[in-house]
Structures are given as structure tokens and as C-alpha cells.
Amino acid sequence: MTPPTLEVRNLRTHFFTRAGVVKAVDDVSFTVERGKVLGLVGESGSGKTVTGFSILGLVDPPGRITGGQILFKGTDLATLSEAQMRDLRGNRIAMIFQDPMMTLNPVLRIDTQMIETVLAHARVSRAEARQRARDALGQVGIPSPEERLAAYPHQFSGGMRQRVAIAIALLHKPDLIIADEPTTALDVTIQGQILAEAQKLCTQYGTALIWITHDLSVVAGLADDIAVMYAGKVAESGPVSEVLDAPLHPYTRGLIGSVPSRNHRGAPLSQIPGMTPSLLNLPPGCAFRARCPRAEARCAEPPPFAEYLPGRHARCIHPHLAEVAAA
Amino acid sequence: MTVFLLRRLLQAVGVVLAMSLLVFLGVYAIGDPVEILISPEADQIERERAVKALGLDLPLWQQYLVFLGRALQGDLGRSFVFNEPALRLILQRMPATLELAFGATIVALLIGLPLGLYAGLRPKSALSQGIMAGSILGFSLPTFWVGLMLIMVFAVQLGWLPSTGRGETVEVLGMRWSFLTRDGLAHMAMPALNLALFKISLVIRLTRAGVRETMLMDYVKFARAKGLSPARVTFVHVFKNILIPVVTVVGLEFGGTIAFSVVTESVFAWPGMGKLIIDSINVLDRPVMVAYLMIIVLLFITINLVVDITYSVLDPRVRLEGKA
Amino acid sequence: MSSTAAGSIAPPRVETPFRRFVAEFAESKLALFGLLLFTIIALVAILAPWIAPQNPYDLAQLDIMDGRLEPGSVGGAGFTYWLGTDDQGRDMLSGIMYGLRISLLVGAGSAIIACLVGASLGMIAAYAGGRTDSLIMRLVDLQLSFPAILAALMILAFLGKGILNVVIALVVVEWAYYARTVRGSALVERRREYIEAAQCLALPTRRIIFRHLLPNCLPPLIVVATMQVARAIALEATLSFLGLGVPITEPSLGLLIANGYEYMLSGKYWISFYPGIALLVTIVSINLVGDQLRDVLNPRLKR
């Protein structure tokens with residue numbers, strides 16, 4: 001049996017600041033199979049992006065991975081040297097960032113930024129590297145790629161820049177792409193195009209995709225599996241249709257209820273009371289308990305991340321099992 | 001690009017005119033032009049003849065036009081002391097000053113950029129703290145005194161370097177240059193370092209601030225996520241971005257460096273424009289002072305122009321705005 | 001329940017803005033050291049006539065036979081010259097103490113006058129706006145684009161030497177910094193609603209300026225002034241070194257250094273060395289204080 005493209009086990013990434021320890025990622029586990037899409041969902045500050053950087057080994061001080069395992073095609077990334085990690089980055093594991101306006105270096109031409117990526121991982125001539133860059137631009141639907149190669153980032157619109165960033169991620173046909181809210185800054189129509197592009201990619205090359213977002217509707221349409229993060233922990237994970245139809249964790253439930261939809265027009269939106277807790281010196285126990293309608297005294301103990309139904313995990317001591325049965 | 005250049009040129013001409021008016025007013029309207037332009041040793045008849053010759057009996061606005069006309073022909077008066085056209089005197093000494101200022105700029109970049117880069121990449125290390133403390137000292141140290149100390153240590157105590165003059169020169173393009181001979185370079189070392197002192201501190205601070213700011217940018221993280229080597233990230237992605245502000249400031253400072261070479265040239269008896277102007281002030285050779293002022297103004301404006309153009313070459317965003 | 005709530009409310013500590021300012025300033029040991037150093041220097045300068053071993057201006061006290069003695073030598077009259085003597089047999093220690101007086105006087109004096117002139121012009125520019133504003137600011141730009149050392153040199157070339165002329169030259173090259181600072185903060189403040197309210201109440205302009213605008217411009221002005229005092233002292237020393245500053249009868253530190261220049265080549269370093277150290281320590285101590293003032297008073301200016 002081939003190992004999954006990526007398996008993250010009990011990952012912990014903590015930031016050691018002067019004010020105290022920020023547990024940005026605290027016991028996160030999930031698996032992404034070849035050609036599948038995992039939707040990593042959560043509010044801002046829930047640790048999604050740090051999870052992505054942890055996989056790439058790009059956590060900067062004062063941050064540090066303090067525990068857990070990241071298995072990439074069966075290999076523990078912690079055992080690799082920095083040079084070996086660099087060999088993976090941009091080659092086997094690529095990342096797309098949130099803000100396309102900030103991802104490309106403003107003073108370097110597009111061809112420079114693409115060719116350097118090719119040459120970092122492949123022993124080819126400059127002409128060959130340029131050819132690959134041009135092909136990648138064409139692949140993501142950028143018209144007249146040859147001319148655009150000689151352009152600077154500021155000559156592109158936001159959507160076009162994100163396509164360039166995606167083209168860079170595609171250069172080496174990676175096994176895993178981590179896309180960090182790549183469509184948040186874009187118009188809805190552009191967003192649709194890019195999503196379609198991403199889907200095509202997974203089926204064509206068997207690339208596994210981690211799609212980090214706070215937008216549940218994107219995940220519903222794109223992902224196979226979902227992992228919902230709250231305060232640095234995975235609150236719930238499972239197949240996307242099952243989780244969205246009948247969530248186990250009260251937080252997932254609240255999150256779905258907060259999305260305005262046509263079916264419930266006129267009815268008051270449900271909302272989660274209170275605010276996301278500060279990750280600085282978070283007390284033990286369930287981080288959601290202060291906002292949870294089901295909270296009780298026992299919630300002050302750390303809840304286990306248990307498999308309540310086949311393939312469905314939740315970090316809650318009283319999940320919504322009855323509703324699942326009803327659904 | 002052409003429109004951009006033309007507009008800059010027109011602005012430059014405007015500033016030159018404004019400054020010429022200022023210098024003119026300073027010499028003709030506020031001071032006594034007879035006293036300023038005619039040698040104090042001249043007798044009464046000579047004076048009257050000179051007043052007529054210089055057109056000092058004309059109304060002020062006409063005098064300005066005459067002054068401007070002469071200046072355009074390169075006639076900025078004759079030195080009392082050398083009895084030579086003031087402009088030629090200054091132009092003769094300009095290569096020495098320019099080469100000193102260029103030398104200082106190169107020294108500042110060669111020392112400042114690596115130190116600033118290091119301090120920016122490792123802000124917490126002891127060496128970085130030392131570099132930053134040193135840069136504060138560089139801002140505080142009186143340049144002329146440091147020059148004296150350099151002479152004391154390297155010329156008097158150790159006897160490694162010559163303390164005064166330009167040394168052996170070579171004539172290229174009709175001008176004499178020191179930097180082409182070993183002896184000339186030895187003579188240039190201390191003055192250039194002395195003149196560079198302030199700029200080194202400036203470059204260190206600019207580079208460090210730029211590096212720290214750029215390192216936080218998404219595009220640097222993206223470059224790392226592409227699997228580039230740390231060297232490529234640092235020297236291509238970070239360095240090219242910080243080069244823009246550093247080059248701008250160092251370029252703009254070039255005029256200040258030439259102005260400040262007055263001090264360094266006096267300390268090291270470097271025979272440039274600065275030494276000439278101090279000597280001229282001490283003997284009240286006013287036509288030379290007027291000519292020097294006009295040359296400096298012209299120089300400043302040229303520098304601004306060159307910096308603008310360099311900037312637009314380095315930063316594609318500026319270049320295209322100019323084109324539009 | 002009620003008792004714990006009452007217990008948790010600690011009596012609020014009286015914290016005036018001034019006390020907070022002092023506390024924040026004292027956070028930097030280096031700045032405190034600078035302040036201490038500067039206080040000592042200022043005291044030495046002020047008390048020089050009483051504490052200096054010799055009056056360097058009194059030619060009767062000088063013995064030409066004691067000329068160019070090394071530091072620590074004992075002179076003909078059994079007098080110990082701790083820092084040596086210059087070519088006229090003047091005690092360098094006393095010379096430095098008196099030189100500090102001139103340097104500080106010129107530095108502080110020019111800074112105060114430049115501050116008054118510049119702040120007034122900046123305030124006028126901000127308050128009047130329109131043409132007055134653009135005219136004053138054009139002047140500021142022009143002044144700032146031209147190197148201070150050259151401007152001062154030219155002014156002194158036309159005015160001649162003398163303490164007063166040096167002060168005039170320094171004021172001319174420094175007022176623009178104050179004008180720009182005051183205009184900047186006054187403009188920000190002017191757009192605030194309370195100024196509009198004051199104007200609606202028909203409060204006299206004078207009152208608005210002095211009671212409302214000026215106090216808000218004060219913090220950045222203090223920072224600029226501190227830095228400019230250091231700059232003025234350095235500039236004065238440079239001008240005097242070039243022979244265009246103070247007259248030989250009232251030597252500042254810069255002139256003392258210049259006097260030692262010719263003896264330097266023969267290894268008699270102390271005539272230039274010690275005045276330079278005094279100058280350096282003065283400037284560094286002011287800059288240390290200024291750096292911390294900038295951080296405390298104006299976080300926006302932090303680099």
C-alpha cells in the first residue's frame with residue numbers, strides 16, 4: 001500500500017514570544033491522499049497558515065515546531081536536512097500565498113522569478129527553463145505568455161498575479177500544493193476560474209491539495225475532506241459532505257449556521273457568541289467552551305480527538321451524534 | 001521616458017535660474033558689488049573704470065541679465081589672487097574633489113552594505129549590536145577631528161600612509177587623476193575613509209532597516225517556499241529591493257559629500273575645489289566664491305537629475321509611471 | 001463575590017504625563033548615562049571661571065617657557081599641566097573648560113534662536129495656509145536641500161568671523177528643521193475637531209495658537225531641538241577649525257583642535273586630541289539623550 005501524500009500527526013508549532021508562549025498549532029492531525037483535496041477551515045488566527053508553513057519547514061523564530069510528525073509520502077520531514085527540505089520546497093511541495101499583490105517580488109521580472117524556480121530544482125539550460133515557464137503561464141490561462149514573461153508584477157492585475165503564482169507552483173508538477181486562501185483577495189468570477197483550474201490539476205496529475213480557507217462554500221464545492229481548526233487545534237475532521245450536512249462539533253455547527261444562505265432567507269442568522277480566544281497562554285480544556293451552548297464543567301478537561309463515526313473525528317465530549325443519526 | 005526626462009530637465013533649469021538670482025542678489029543687491037568684484041587693492045580710477053566695465057551703473061534687472069549672459073558664456077569673473085578666470089580655476093580642481101567624493105562613496109558602500117546586511121539579518125547578535133553602536137558614533141564624531149586622528153595614527157605613529165596631497169597623478173582625458181597610481185591611491189585612502197565616515201553610518205542604518213523590512217515581506221517567504229538557496233533569496237530578492245532606497249539616498253548625499261569635502265580637503269591638504277574655496281574665503285577672493293557657488297548649485301541639480309534617472313532604471317514601477 | 005470585586009479594584013496610581021515621561025526616559029540606562037554626562041559637562045562649562053586651574057585668556061598667567069609640554073608635566077612655576085600645554089604655554093585643561101563654554105553657548109544659543117524663528121514661521125505657515133504656507137515651505141525645501149556646511153561657510157565669508165556671526169550663520173542653516181517640524185505637527189493638530197470648535201467659539205487666534213496648537217507641537221520640537229544642539233556644536237567646531245568661526249581671542253573646542261593641527265605631525269598629539277575628546281563626549285551625550293527623547297516623545301519618528 002502506498003503511503004498517503006501527506007500525513008500530519010499531532011503537529012505542534014509554538015511561538016516563544018516575550019509575552020509568553022503562543023500555541024499557534026497545537027495537536028493538529030490530518031491526512032491528504034494522492035489527487036484529493038483537503039479543505040482546512042477556520043477563522044483568522046486559528047493556525048491554518050502556520051500549519052502550512054510548518055509543513056514546508058518555513059516557521060520563522062520565535063516560532064518552532066515542538067512536537068508531532070509530518071510524513072510526506074511516508075518520509076518524516078523532521079529527519080531531513082535543510083538542503084533536503086529545500087529540495088522538496090517548490091519542487092515536490094509548493095505553496096500559493098493569500099495576497100497575490102505581495103507574493104511576487106516587485107523589482108524582478110516574471111521570467112526571472114519563474115526561471116530561478118525551474119533552475120533551483122532541475123538541471124536544464126536557461127532556454128529550456130524559459131520554455132517551461134512559458135508553458136506554465138499558458139497552462140493557467142495567461143494570454144500571450146511569451147510577452148508577459150518580460151513584464152514586471154505591477155503590470156498584472158491581482159487575478160493575473162495569482163495565476164502567475166499558481167504557474168510557479170505548477171512548474172515542477174508537485175505532489176502537494178498548499179494553497180493559503182488563494183482566492184480571498186480576488187473577484188468572485190476570477191475565484192471560480194481559479195477553483196476550476198485547481199480541480200483540473202488534481203485529476204490530471206494526481207496532485208494532493210490543501211486548500212486553506214475560511215469560506216465554507218469554497219470547501220463544499222472543491223474539497224473531498226475537511227478539517228475545521230479552532231484555536232490551533234483541529235475541532236473536527238471528516239469527509240466534506242458528511243461534516244457539512246451533519247457536523248459533530250458545536251463549533252462546526254455554529255460556523256455553518258453563520259453562513260447566510262438562500263434556504264433560510266428572512267430567518268435570523270445564527271451566530272457564535274463571543275470572540276476567538278487569544279492563543280497566548282490558553283488555559284487547558286476545550287478552547288471553545290466559553291462560547292459553546294453545550295459547555296459544562298467537564299469541558300475544562302482537555303477533550304480527546306476521538307473517532308466518533310468511521311472516518312470522522314471530533315474534539316468534543318458531547319458531539320451532535322443524534323443529529324447525525326437523524327440526517 | 002522622454003517626457004519624464006524633459007519635465008525633469010525643465011524643472012532643473014528653473015532651479016538654476018532661481019539660484020542664480022539668489023546668488024546675484026547676494027552679491028549685487030545686499031553686498032557692495034564694487035567691494036566684492038573689484039580687487040581691494042585697486043585705486044579710484046581703476047574702480048570707476050571697472051564699475052563701467054561691469055555695468056554696475058545700470059538698473060538692477062539689467063545687471064541681472066548681464067550677469068546671466070556672462071554666466072552662460074562661462075564668465076563668472078576673474079580671481080584677484082590668481083588673476084585667472086574663476087571658472088577655470090575651479091574646473092581645474094574639480095577632478096580631485098570628484099575623485100575623492102567617488103572614492104568616499106565607494107568606501108561607504110563597500111563597508112556599509114555588508115555590515116548593514118549582517119546587522120539586518122542577525123539583529124540580535126553581539127556583532128550587530130556593535131555595528132549599530134559604531135554607526136551612532138559615526139554620526140556623532142566630528143569629521144575633521146577624526147581626520148586628525150587618522151593622520152596621527154597612520155601617518156605619524158605608524159608611518160603607513162602619506163598625510164597630505166594627492167601624490168602621483170596620471171593625466172587621462174586632459175585631467176589629472178590620483179586613483180590610477182599606487183602612490184595616488186595611498187594618498188587617497190585616508191581622506192576617502194574620512195569623508196566616507198558619515199556615509200558609512202548612513203548606509204549601515206538604511207541597509208539594516210531595509211533588510212529587516214524586506215525580510216518580513218511575503219515575496220521573500222514565497223521565494224523561500226520556491227526552494228531557492230538562502231544566498232539567492234538574500235542577494236537577489238532582498239538585496240535588489242533595498243538597493244533602491246540606498247542608492248537614492250547615497251546619490252542624493254553625493255552633493256553633500258562634495259560640500260563636506262571642504263573639511264576633509266583642508267585636513268589632508270587635498271588640492272580640490274574645497275581647499276580652493278577655503279583659501280579663497282581666507283583671502284576674500286570673491287569671484288572665486290561666486291563661481292564656486294554657481295558650480296555647486298549646478299552640480300546639485302545634475303545629481304538630482306541623475307538620481308532620478310537611476311531610480312527609474314532600478315524601480316520598474318517608477319519607470320512606467322514616467323512613460324504613461 | 002462583592003468583596004473580591006472590591007478587592008480587585010486597586011486604588012488608581014496617580015500618573016501624570018510628566019511622571020510617565022520620566023519613567024519611560026529612565027528605561028534606557030544609556031540615555032540616563034548621557035544625561036548625567038551632559039549635566040557634568042554643562043556644569044564644568046558654567047563653572048569654568050571658578051574651577052579651571054588657570055584663566056587661559058589672561059596672558060599674564062601664561063608662561064611661554066611652558067609651551068607644548070606633555071600631559072602631566074610640571075611647569076616652571078610648579079604648576080602641573082594634567083593635559084599638557086599648547087604652543088603659548090596655556091594649560092589645555094583650562095583651555096578645554098573655557099572652550100566648552102564657547103561651544104555650548106554658541107550651540108545652545110543658535111538652537112534657541114533658530115527654534116524661535118523656525119517655530120514661528122512654521123506656525124504661521126500652518127495657520128495661514130495657502131500662499132504664505134507654500135512660500136515658507138519652498139524656502140524650507142531650498143534651505144534643506146543645500147548642505148549646511150556650505151551655506152554657513154558662505155554666510156561667514158560675507159559676514160566675517162565672530163561669535164555673533166557664527167550664531168547668525170547657524171540660525172540661518174537650522175531654522176528650517178524647526179519650521180518643518182512645527183508645521184507638520186500643527187497641520188495635524190489643526191484638522192482636529194477641537195480646534196474647529198475653538199474657532200467656532202471665536203476664541204482669539206493668539207489663544208488658539210498658544211493654548212492649543214503650540215503645546216501639541218512641543219514634543220517633536222524638543223526632540224528636534226536636542227538633536228540640533230548637537231549638530232550646531234559640531235558645525236561650529238568645524239567652522240572654527242576651518243578658521244571661519246570664532247575669533248582666536250575666544251577659542252572654542254574647534255579652534256583649540258585647529259591650533260594643535262600643525263603640531264600633530266611632530267607627534268605632539270595632546271593639543272588637538274583632548275579638545276576633540278571633549279567635543280566628542282559632548283556630542284555623544286546629547287545624542288544619547290536625544291535618541292531616547294525621540295523614542296519616548298514621538299513613537300512615530302522611531303526608525
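Helix α11 (residues 273-282) of chain B is mostly covered, with seven of its 10 residues buried, where a residue counts as buried if 20 or more other C-beta atoms, placed from the backbone, lie within 10 Å of its own. Helices here are DSSP runs of H or I with at least four residues, strands are runs of E with at least two, and both are numbered from the N terminus. The buried residues of α11(B) are B:M273, B:G274, B:K275, B:L276, B:I277, B:S280 and B:I281. After α11(B) comes B:L284, whose phi is positive, near 55 degrees.

This is a predicted model, in which local features need pLDDT of at least 70 and side-chain atom pairs count only at pLDDT 80 or more, while totals for chains, interfaces and linings use all residues. Residues are numbered from 1 along each chain as its sequence is written, and chains are lettered from A and ligands numbered from 1 in the order in which they are written.

Chain A contains 12 helices and 12 strands. With 327 residues, a compact globule would have a radius of gyration near 20 Å, and the 21 Å of chain A agrees with this; the radius is taken over C-alpha atoms, and the globule rule is 2.2 Å times the number of residues to the power 0.38.

| Property of chain A | Value |
|---|---|
| Span of the C-alpha trace along its principal axes | about 65 × 50 × 45 Å |
| Buried residues | 45% of the 327 residues |

Within chain A, four strands form an open sheet in the order β2-β1-β4-β5, with antiparallel pairing; two strands pair if DSSP finds at least two bridges between them. The edge strands are β2 (20-32) and β5 (75-76) of chain A, each of which pairs on one side only. Strand β4 (residues 63-72) of chain A and β5(A) pair in the antiparallel sense over two bridges, and A:L71 has A:D76 in β5(A) as its bridge partner. Helix α1 (residues 48-56) of chain A packs on the sheet, touching β1 (6-17), β2 and β4 of chain A, and its direction makes about 70 degrees with that of β2(A); axes are lines fitted to C-alpha atoms, for helices over the stretch in contact, and angles run from 0 to 180 degrees between N-to-C directions.

Between the chains, 19 residues of chain B are in contact with 24 residues of chain A, contact meaning that the C-beta atoms, placed from the backbone, lie within 7 Å. On the side of chain B that touches chain A, α9 (218-225), α10 (230-268) and α13 (316-323) of chain B each supply at least two residues, and the largest share, seven residues, comes from α9(B).

Technical notes: Two residues are in contact if their C-beta atoms, placed from the backbone, lie within 7 Å. A residue is buried if 20 or more other C-beta atoms lie within 10 Å of its own, exposed if 12 or fewer, and partly exposed in between; C-beta atoms are placed from the backbone.
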